[in-house]
Amino acid sequence: MVSGVRQPVLDSLAAVVLAAGLALVLVVAADRVEGARVSAAESEARMAAALWELEGGSGAAAAGLLGERATTTRADAGGAGPGPGAYAYEAGALDPAVWIAVTPRPADGPRRALPITAIAIALAGLTLVTGWVLARRRGPARTRHPVGIALLSVGCIALTAVAAGRWADRELRSLSGATAVQGARAVEIALQIGADLAEAARVAQLPWAQDQSLDSPTEQWTMPAAVAAAIAASPERDVETSAGNDAISLDAANAAAPTTQETDAGAPPIAPHTVEADGATWHVARSADVHVAFLGYERTASPALALAAAGGLAGLLVALALHLAQLASRPRVLGRTLAAWGLLSPAAALILAFTLGPLLFSLWISLHEWRLIDPAPLFLGFDNYAALLRDREWWSAIGNTALFTLHVPAAMAVALALALLTRGSRRALRWARLALFLPGITSVAAIAVVWKWLLSDQYGLLNRGLERAGLGSVPWLTSPDTALASLMIIGIWMVVGYQMVVFQAGLAAIPRDWYDAARVDGAGPWQRFRHITLPGLRHTLFFVLVTSIIGSFQVFGLVYVMTEGGPLGATDVAVYHIYREAWEFLQFGNAAAMSWLLFVVVFAATWLHFRFLDARRAHG
Amino acid sequence: MSRAGQGVVLRGVGKRFGDVVAVQSMNLEVRPGELMVLVGPSGCGKSTLLRLIAGLETPTSGEVWIGGRRVDEVEPGARDVAMVFQSYALYPHMTVARNLGFGLRVRGTPAAELERRVAETAGALGLGDLLERKPGQLSGGQRQRVALGRAMVRDPGVFLFDEPLSNLDAELRLRTRDEIAALHRRLGTTMVFVTHDQVEALSLGQRVAVMDRGRLQQVGTPDEVYRRPRNLFVAGFVGSPPINRIGLSRDGSGALAGGPFALAGPSGPDQATLTVRPEDLAVAGPGGTEGDFRATVLRVEALGSEQRVHLDGPGDAAWVARASPALRVAPGARVSVSIAWDRSHLFGPDGRREEGVARPAGQQVPR
């Protein structure tokens, strides 16, 4: 009876979830385009502000560039600032300051304002799935997986995402072309109001080069040489004729600033086109003397990743809903499943928010160039990773980390010996265990500071002692030959207590019968250690080895406080290197890529250990 | 393959763990080639005694002699003993072959001889196909045989078994018990076998040592222990169903009286316990009137080969009688029960058996 009520509800749920998923995909695409429109408005506002400052405050040039899309407000007039939908930029060098607010460029007509094809696909798919679901309702309750509906839904989501992506890409290219054209126009206007060439070119705030000098490196200003070379090599073509469907509407660019077009009758036609250079597509516009190139929004605000994520999420949700619908005929299982999910969801939410989320975010960052101050991260694909493979400093840090990790087996040997020596319940042994365990629960920073003092060249207790003993001092932390070894010794001291406690737990788990049997068999202490203790501890040893190696790969606090990676990079370990890359050099993309490479290394090491252990278990 | 077994002699051996006395100072001799079973309830010190013989514990007092050599300061591996543990204590990371050969290997036995002896032992125990397996891949019975083989392969002077059958299911336990008995006949080696199961002890042991609270209660053949228990503990511990008992005390006429009984027992204590084995009770059919007492049948267990008749008397405690399956009685019936007086025993207040046979007052004790 219950199933009779729930089946249609859950089947409809699948359709509703599909609708929501499709909407999500479309909204993501629209959001990407909207974001690029705001970015474009921001660029234009900055150009207008530069012009404003160049001509000394009349505002005519800025108005010439942007026409009715710009409104200006003087700060001393108590202006309310920019209205809704406008991007404002302050022309700060002027006194009083001025807000220039620019309305984002609209889409070229209603037909292109929305991803019509994607919407059509989504509606068609939704209709089909809904029809299928309604047809299912009339039949008997199903227990098999609704594979057909699932495939149809996933296909519909994928097609919608692809169509939406193509629409967004076209819109972004159109915006990029228009921005390049605006850059060229801004240069024209600047030249007319008497700026010299360099000043005028800077107004565009885009990579640019003087026309005559495209083959002369000395006179290229901010444009990358490769781009200049590509522009010089390419015949200037009107994009509309060369790029087919991806056409940038030149009319649109011109229509945005009709006044300029009329006042500069003598200006050469502005012809945006695209060139391929540096692994990217550049949108190029030309003023009289200057080429202005623009790395398109389709690269800096690429919708591909976001759409893939949205599509994946939508697919997952639909699969989930279908799974529930399939369970509708088995209410007990359904109830248990829902209860299980309900109980899991708080923990799952925490993991999603604080583990998986940041993990995926760092993966996303690693595919971009992002300096935290950049408004939009630049999508680079795997360039960060490719660059890292050739980064000698990075590999030197990895090498230092690997070298540092050699302290783990040494620490384990010491810890095992201590574990065997301090077994038992006598008072002295308990105090010994406590003393050995203390470093493991003490703040790394405190330990590092104390050791730094102990190991100091001149004032350190250790060197004082050595000198008094007539052995001479050792540059513990100040020589590249000894610094890492010193850190390794401290590392051993820090982890030995914890490892000892784990070993003692492992030792306690070895049945006494095995030792008794070995004694009756005639095995001496060493043979019992070799044949009973070590094999009995192998899971413990493996656990300690893996966790210690992972911990060792993550060493940071010691280095940060004691050596700061020095001397001469001798203690520059991976995590410290990543930290500096991110927070000192603000190369978050690089740092994220490093983190992931480090993760791969640690993962591979762990996996190899597991394989090794399995092999040992299989062959004895 | 085997040499003659070695005798084991304990002289005044005692063991304390802190304040806890596990084994009271005791003397025990296991004769060469004998299968001796140590039996007692859990915590009676029988396993500690075995570990003292093995050398896994050091005695607090006394001497341990094996094969005419004093060994209480000798390492277990040098005592010429082998031990089978309750848990089997197989080395889990070694194959069966390596488990069997471990004792020989740590003694530096040449590889060729080691292999020969492992193969021989494995063949004798039917482990030939399992030599490359790990203990984790074996059934309980197979592990038990590996544990046995590990002891056999070294050809020791004394075998020590610490409850080796208690982890096996009932059927396998019976079979393995027979195999150990057969092994003893074949090898003729001295064996000391610890168990808490008195049936196992009686069926397996040439002699049985019954222990309780760290003391030896009685050492004797199974028949001696069963027929002539030295004290009330042994009488109660050995035998299943347990022995029937009733408390008696001397009345004015000088008879030991209790329940329906007035016994002309041996002169001696004023308090005594009368014990009668279930098979020494004869239950007459419902019509019968001859007997030593009458009782009501509470329950009848029909076990096929025999019946166990639970009675509500003669005293306050229920008694159990073994009867032929031909007997027809139903719960609730009043029956007459006769006692085979010459197989009954009287125990004094200190638990020691009183010599002489109890008789109902008025009957003559035959001489």
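This is a predicted model: local features need pLDDT of at least 70, side-chain atom pairs count only at pLDDT 80 or more; totals for chains, interfaces and linings use all residues.

Which residue stands opposite B:Val39 in strand 8 of chain B? The residue is B:Thr195.

## Open sheet of chain B

Strand 3 (residues 35–39) and strand 8 (residues 190–195) of chain B, which hold this pair of residues, run parallel and are joined by five bridges. Both belong to an open sheet of six strands in chain B, ordered 6-7-8-3-9-10, with mixed pairing. Strand 6 (81–84) and strand 10 (215–220) of chain B each have a single partner strand, so they form the edges and one side of each has no neighbour in the sheet. From one strand to the next, the twist averages 15°.

Strand 19 of chain B pairs with strand 15 (residues 281–283) of chain B in the antiparallel sense, over three bridges.

## Helix packing in chain A

Helix 16 (residues 407–421) and helix 23 (residues 538–553) of chain A pack with their axes 10 Å apart and at an angle of about 135°. Because of that angle, helix 16 of chain A is oblique to helix 23 of chain A. The crossing of the two helices is right-handed.

Helix 16 of chain A contributes A:His407, A:Val408, A:Ala411 and A:Met412 to the contact, and helix 23 of chain A contributes A:Val544, A:Leu545, A:Ser548, A:Ile549 and A:Ser552. Six of the residues in this contact are nonpolar and three are polar, with no charged residues.

## Contact between chains A and B

Contact between the chains involves 14 residues of chain A and 18 residues of chain B. On the side of chain A that touches chain B, helix 21 (512–521) and helix 22 (525–536) of chain A each supply at least two residues. Helix 21 of chain A gives the largest share of that side, seven residues. By class, the side of chain A that touches chain B has six nonpolar, four polar and four charged residues.

Definitions and conventions
Residues are numbered from 1 along each chain as its sequence is written. Chains are lettered from A and ligands numbered from 1 in the order in which they are written. Axes are lines fitted to C-alpha atoms, for helices over the stretch in contact, and angles run from 0 to 180 degrees between N-to-C directions. Helices (H or I, at least four residues) and strands (E, at least two) are DSSP runs, numbered from the N terminus. Angles under 35 degrees count as roughly parallel, over 145 as roughly antiparallel, 65 to 115 as roughly perpendicular and the rest as oblique. A crossing is left-handed if the near helix is turned anticlockwise from the far one by less than a right angle, and right-handed if clockwise. Two residues are in contact if their C-beta atoms, placed from the backbone, lie within 7 Å. Ala, Val, Leu, Ile, Met, Phe, Trp, Tyr, Cys and Pro count as nonpolar, Asp, Glu, Lys and Arg as charged, and the others, Gly among them, as polar. Two strands pair if DSSP finds at least two bridges between them.
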